[in-house]
Structure formats: structure tokens, C-alpha cells
Amino acid sequence: MVNVAILGFGVVGSGVAEVLTGNVGQIDRKAAESIRLKYILDVREFPDSPFADKFVRDFSVIEGDPDVDIVVETIGGVRAAKDFTERALKAGKSVVTSNKELVATHGYDLLRLAEEHGVSYLFEASVGGGIPIIRPLNQCLAANEIEEIAGILNGTTNYILTRMIRAGLSFEAALKEAQQNCYAEQDPTADIEGHDACRKICILSSLAFGRHIYPDQVPTEGITGVTLADVAYAASGRCKIKLLGRCIRREDGALYVYVAPHLVPDENPLSGVEDVFNAITVKGNAVGDVMFYGRGAGKLPTASAVVADVVDVAQHRRSRSSLRWGPGDPKAVVPAAGLSSAWYVRAALPAAAVGKSFGDVTFLTREGAPEEECAFLTAPMDQTALEKALAALGAPCVKMRVLG
């Protein structure tokens, strides 16, 4: 029998308990073992919960119980989660987590600690919620040199942008609606400023390219500056605005890694990903382009991925299920300013002034645009060349990359 302890009984933790107990027959068949929930750690009282007899408040109970094989960490954040994870691994217990911040910040150290103690540290749910991506990237695409990863990695921002596009809501109104529908936290900073997407692209980049990529290495821009004017101009160019996390490998092996809003052409599959759905595209030198799509968050979708990791650990208890990457390198990531792409520019100046700085461009239109405003798409250029041309215009500008 495999005994499981869950740390935290919030949205994800309670979902894991439900899936573990509700799908017990299927889970046991897949694992070829009986998997049972033994403990739930939480400081709160849940007297009416069907799992009321499982609760403990002291982690040392779990840590010191030799019958606990797998610890599921759903606390979130770094401080307590890191402490409990390290203690569990040192006690010879495998750990499964959905905690993207912890993995993005300390993944290398925790993977190494797990290896030292002959146990597993798995985190399928940390990037795509219910979307399988970690295991396919590590196993199914193992024969490929990965060339690029690009993804809509945050359901909250995708919902907000979808409502701006479909319903004509302002950013502020769309955010309020997302909060009312429980798609956004009351403090939405991690989502709308791009920090959540940053952590996820760090994890994917680390796994795909074998070196730990830290969040502070990744330039990150959120969607707070996107306006309905930008949405309308993008539509006239047959594009939609999406917040993307991207990692691109240069020929010399260095990586461009960044998070920013992009104009995504309608013919690109990512443009059709709407509401709270996420999608991740991976380009391999053998397989070409593949895309993973689904709900990137939510109680049961995320729990589904967590429990799949639990089953994986149970299946490999004697051989250890492994993920690994090497230590970080400050030279691994190079400034994204060197990446060439077409650009969207909106500027407070007449269209006639643009040609002197940019040459041939594609002008965009929108209903009700002020006379002294123009928007256009440039030819491919790196950010240094773009900034030089914009400086020559001498006017306030909004700019976004166009996904090519």
C-alpha cells in the first residue's frame, strides 16, 4: 500500500483528496498498488469535511511516520512549502507539487535533494494545471532538440483579454468581471503583471534546455497597458492580443526567455485560445510544431495532474521517477532585445511621419481613432533597431511584438 499526505486543504489540496478517494479503483489499477490518503495538514478546522479524521496540524507527524510514502504539497508560496518539501525528501518521502513559484525558484536544489535521497520530486501540475506538458516534454519529446516554446500560460489574463476582444470591455471592467467569476484573485498582481507566466516559462525552459532558468533572469511585462484601442488595431491586422511566455534557443545555445503581450496572427492556433484556457506550443527539430491545450487551472483539472504524479511515483517506487536539469548560469539567458520580429506600434503622431523612420510599414485602422494617432506593423527588426527608429519619431509610443 502507498500512503499519501496532503499539505494544505485549499482549492487544489481539497481537489486532490476528492480525486484520490473518488477515483480509487481506476487509480489503484493504474498504479498496480493501493493508494490511500492518510493525512491532511492544515492549521484550520474542517469538522464537516468527509476527511475530518485525516487532519493533523503538526508536519512532524507526517515527517516521522515511516508509512507515509508520498507528500503532496499544495500550500503555495515558498517559505513553509520549501521547508516541508526539504524535510519530506530528507525523510525518504517523494514529493509531488503544484507549486510553480517553488519549482521556478528552487527546482534545481530540490531535484538534487530528491536524487540524493533516492526519491522523486514531480510537478506536472505546476505549469499547465490539467494540461499534460512536463511529462511529454521530458519523455515524448526526448528525441528532439527543442528550438522554441511559446505559450498562453495564465488563464486569468487570457480571460481578461478575451473579454476585451469579444465584449469590448475595458481592462478594468474585464478584471472586475474575472474577480466576480473567481477567475482572478482579489490581489491579481501575479497574474496581470506576468509573474505567474514567468514562473511557468522558467520551469519549461529549465526542463527543455537542461539549465535552471530563474525568474529574475526573465524580462516580464504584463497586460495592464493593453487598451481597447490596441485590441481594435490588432483586429484590423487580423491579429489578437495574447500574453505569451516564450523561450527561443539561438544557434549558439543561448536562450531568449521573456514574457510579454504579443499580437498573434489569426492563422496561428494560439490566437483561437480563449477564456481561461491555456495552450503551449513546442517546436522540436524532429517533430516540428506540437500544441498542448486545455484548462490551465481549476480545482479538479489541477488535482488530476497532481494525482497522475502520485500514480507515477507509486509505479516507480523501486526505480525512482526522475526529472532533472543542471544548475543555473547567468550567461544562459541573453537579452530579448536581440530577437528579431515584426512589431506593432501605436503612436501619437500623423502617419506621414512614420515613413521617415521605418520605411515601408503596414498601417492599421480603428473606428473613432483620433486624427493625431496612428498604428502600424513594422518589418522584422530587433528591439535595438526599433527603439532607435522610435526615438527619431519623438512621440509617446506603445509597442508589442508580433508572433512570427
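I'll begin with the record: an unreviewed UniProt entry places the feature "domain: Homoserine dehydrogenase catalytic" at residues 132-311. UniProt positions are given in the numbering used here, feature names are shortened, and annotations may be inferred rather than shown by experiment. Residues are numbered from 1 along each chain as its sequence is written. The model is predicted, so local features need pLDDT of at least 70 and side-chain atom pairs count only at pLDDT 80 or more, while totals for chains, interfaces and linings use all residues; side-chain values use heavy atoms, with hydrogens and water left out.

Residues 132-311 are 39% helix and 25% strand, and the end C-alpha atoms of that span lie 14 Å apart. Helices (H or I, at least four residues) and strands (E, at least two) are DSSP runs, numbered from the N terminus. The unreviewed entry in UniProt also lists "domain: Aspartate/homoserine dehydrogenase NAD-binding" at residues 8-124. That stretch is 46% helix and 18% strand, with its end C-alpha atoms 18 Å apart.

Next, the packing. A nonpolar core here is a set of buried Ala, Val, Leu, Ile, Met, Phe, Trp, Tyr and Cys residues joined through side-chain atoms within 4.5 Å. Buried means under 20% relative accessible area, exposed over 50%, and partly exposed in between, with a 1.4 Å probe and protein chains only. The largest nonpolar core has 110 residues, and Ile35, Ile62 and Leu204 touch the most other members. Which residues does leucine 204 touch, not counting those up to four places away in sequence? They are Val127, Ile133, Ile134, Leu137, Ile149, Leu153 and Ile280, where contact means heavy atoms within 4.5 Å. Apart from that core lies another, of 15 residues, including Ala347, Cys374, Phe376 and Leu390. As background, in soluble globular proteins nonpolar side chains tend to be buried together.

Two individual buried residues. Threonine 378 sits in the loop between β14 (374-377) and α15 (383-393). It counts as buried because its relative accessibility is 7%. Leaving out residues up to four places away in sequence, threonine 378 touches Ala342, Trp343, Val345, Phe358, Val361 and Leu386. Proline 261 is in strand β9, residues 255-265, and counts as buried because its relative accessibility is 4%. Beyond its neighbours within four places in sequence, proline 261 is in contact with Glu221, Gly222, Val226, Ile241, Lys242, Leu243, Met400 and Arg401.

Now the open space. The grid is 1 Å over the protein atoms alone: a cavity is a set of points where a 1.4 Å probe fits but cannot get out, a pocket is an open set with protein on both sides within 12 Å along at least five of seven lines, and lining residues have an atom within 4 Å of a point. Grid points are joined across faces, edges and corners, and a volume is the space filled by probe spheres set on the points.

The largest pocket holds about 1200 Å³. Its lining has 37 residues, and Val12, Lys100, Glu185, Ala297 and Gly298 lie nearest its centre. By class, that lining has eleven nonpolar, 16 polar and ten charged residues. Ala, Val, Leu, Ile, Met, Phe, Trp, Tyr, Cys and Pro count as nonpolar, Asp, Glu, Lys and Arg as charged, and the others, Gly among them, as polar. Helices that each supply at least two residues to the lining of the largest pocket include α1 (11-22), α5 (100-116) and α11 (195-209).

The second largest pocket holds about 290 Å³. Of its 15 lining residues, Asn268, Thr281, Lys283, Asp289 and Gly404 lie nearest its centre. Strands β7 (146-152), β10 (277-284) and β11 (288-295) each give two or more residues to this lining.

Last, a backbone item. Alanine 32 is not a glycine, yet has a positive phi of about 55°. Alanine 32 lies in the loop between α2 (24-31) and β2 (35-41).
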